[in-house]
Amino acid sequence: MSTLPDRRLNAYRADLAESRLRGVVEAERYVEGSVARVSVPVTPLRAKPDLACGTDTELLLGESVRVLDTNESWCWVKADLDGYVGYLPEYCLAPVVKSPTHIVSAPRTFVYSGHDLRFPTVYPLSMGSRLSVVDERETRGTRYFLLDGGQAVIANHCIEVGSVVPGDYVSVAARFVETPYLWGGRSGFGIDCSGLVQLSMMMVGKLAPRDSDMQAAGLGTPIAREELRRGDLVFWKGHVALMEDDETLIHANGHTMTVAREGLEASIERIGWLYDQPTGYRRP
């Protein structure tokens with residue numbers, strides 16, 4: 001009996017599939033798709049073209065996708081970063097005009113209407129958002145990156161594309177402590193357990209799958225519980241946490257509804273009442 005590819009990472013429907021799946025799945029036609037970039041600060045990616053459908057993951061400003069189909073103001077896309085497939089409104093995308101030059105490195109920041117922190121803000125941005133910087137200015141000792149149209153962002157809230165933030169991914173994750181928990185969230189405005197792992201690793205130049213089951217299946221190598229140290233991952237069914245040291249973990253969780261620190265032993269005991277014992281431990 002054949003097993004169909006994971007629909008989260010493989011784009012196929014009865015009428016249409018991505019071209020690399022030719023010979024793997026049956027569809028009326030196969031397409032390469034066209035490249036576009038996210039043009040809003042953050043947008044949910046959904047399993048169906050329906051606003052009532054829950055969020056599977058989120059895409060951030062400037063991230064690129066391959067558009068496989070557009071129908072009734074919805075686009076069916078595959079994210080370039082992690083290969084996630086889903087639907088988002090057409091207005092959330094724009095053609096690729098310029099390649100991003102910088103990535104937001106602060107958990108949250110603002111785009112201003114001009115290069116002055118007293119000017120009105122235009123919209124907020126999350127860590128991981130990608131920007132095309134066209135110039136620089138300094139106003140009263142604060143350096144700004146200018147975007148098209150004269151909008152500006154604080155320069156020290158950004159890093160160049162291809163560079164990484166200082167420290168390890170655990171120190172990045174720690175910067176999100178008290179950020180609200182959000183199912184499917186992947187931004188500084190709201191984030192889930194696997195989104196915290198993925199975004200934090202991305203900022204230090206490491207790729208990670210999006211969902212916790214994907215991370216448990218193939219991110220790094222398995223280790224024993226007694227080997228746990230800073231940076232290791234602890235998995236439960238449907239949940240992941242990262243070790244800050246050999247006794248404390250950081251995770252986005254539905255218990256506190258935030259990103260929080262918690263003792264390893266206390267978390268195992270608490271979570272065990274609902275989800276049993278950890279299913280595994282891995283070292284990325």
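These are my notebook entries on a predicted model.

**Ground rules**

I number residues from 1 along each chain as its sequence is written, and I use heavy atoms for side-chain values, leaving out hydrogens and water. Because the model is predicted, local features need pLDDT of at least 70 and side-chain atom pairs count only at pLDDT 80 or more, while totals for chains, interfaces and linings use all residues.

**Entry: cysteines**

I began with disulfides. A disulfide is a covalent bond between the sulfur atoms of two cysteines. My test was a pair of cysteine sulfur atoms within 2.5 Å. By this rule I counted zero disulfides. Cysteine 53 is in none; the nearest cysteine sulfur belongs to cysteine 92 and is 15 Å away.

Next I looked up burial. I call a residue buried under 20% relative accessible area, exposed over 50%, and partly exposed in between (1.4 Å probe, protein chains only). Cysteine 53 has 18% relative accessibility, so I wrote it down as buried. Cysteine 75 is buried too, with a relative accessible area of 3%.

**Entry: aromatic pairs**

I then turned to the rings. Rings of Phe, Tyr and Trp (its six-membered ring) pair if their centres lie within 6.5 Å; planes under 30 degrees apart are stacked, over 60 edge-to-face, and the rest tilted. I found two aromatic pairs in the structure. One of them joins tryptophan 76 and tyrosine 87, and this pair is stacked, at 6.1 Å centre to centre with 20° between the planes. The pair links distant parts of the chain, with tryptophan 76 in strand E7 (residues 74-79) and tyrosine 87 in strand E8 (residues 85-89), 11 residues apart. My strand and helix labels are DSSP runs, numbered from the N terminus: helices (H or I) have at least four residues, strands (E) at least two.

Are the two partners buried or exposed? Tryptophan 76 is buried, with a relative accessible area of 4%. Tyrosine 87 also counts as buried, at 12% relative accessibility.

Phenylalanine 110 and tyrosine 112 form an edge-to-face pair, 6.4 Å centre to centre and 65° between the planes. Here phenylalanine 110 is partly exposed, with a relative accessible area of 40%. Tyrosine 112 counts as buried at 11%.

I went back to tryptophan 76 for one more contact. The charged end of arginine 13 sits over the tryptophan 76 ring, 4.3 Å from its centre. For this I need NZ of Lys or CZ of Arg within 6 Å of the ring centre and within 35 degrees of the ring normal.

**Entry: around strand E3**

I count two strands as paired if DSSP finds at least two bridges between them. Strand E3 (residues 34-38) pairs with E6 in the antiparallel sense over four bridges. Serine 34 stands opposite valine 67 in E6. E3 also pairs with strand E9 (residues 93-95), again antiparallel, over three bridges. There, alanine 94 in E9 is the bridge partner of arginine 37.

I noted serine 73 in the loop between strand E6 (64-71) and E7. Its phi is near 70°, a positive value in a residue other than glycine.

**Entry: the annotated span**

The unreviewed UniProt entry gives "domain: NlpC/P60" for residues 163-284. UniProt positions follow the numbering used here, feature names are shortened, and annotations may be inferred rather than shown by experiment. I looked up the span itself: 29% helix, 25% strand, and end C-alpha atoms 20 Å apart.

**Entry: strand E23**

Why is strand E23 (residues 248-253) largely enclosed by the rest of the structure? Six of its six residues are buried, so I recorded it as enclosed. Thr248, Ile250 and Ala252 point one way, while Leu249, His251 and Asn253 point the other way.

Strand E22 (residues 239-243) pairs with E23 in the antiparallel sense over two bridges. Leucine 242 has isoleucine 250 in E23 as its bridge partner. E22 and E23 form a hairpin with four residues between them.

On E23 I also found strand E24 (residues 258-263), antiparallel over six bridges. Alanine 252 has valine 259 in E24 as its bridge partner. This hairpin also has four residues between the strands, and methionine 257 takes a positive phi near 60° in it.

**Entry: aspartate 276**

My last stop was the loop between helix H4 (264-275) and strand E25 (280-283), where aspartate 276 lies. Aspartate 276 has a positive phi of about 70° although it is not a glycine. It counts as exposed, at 52% relative accessibility.
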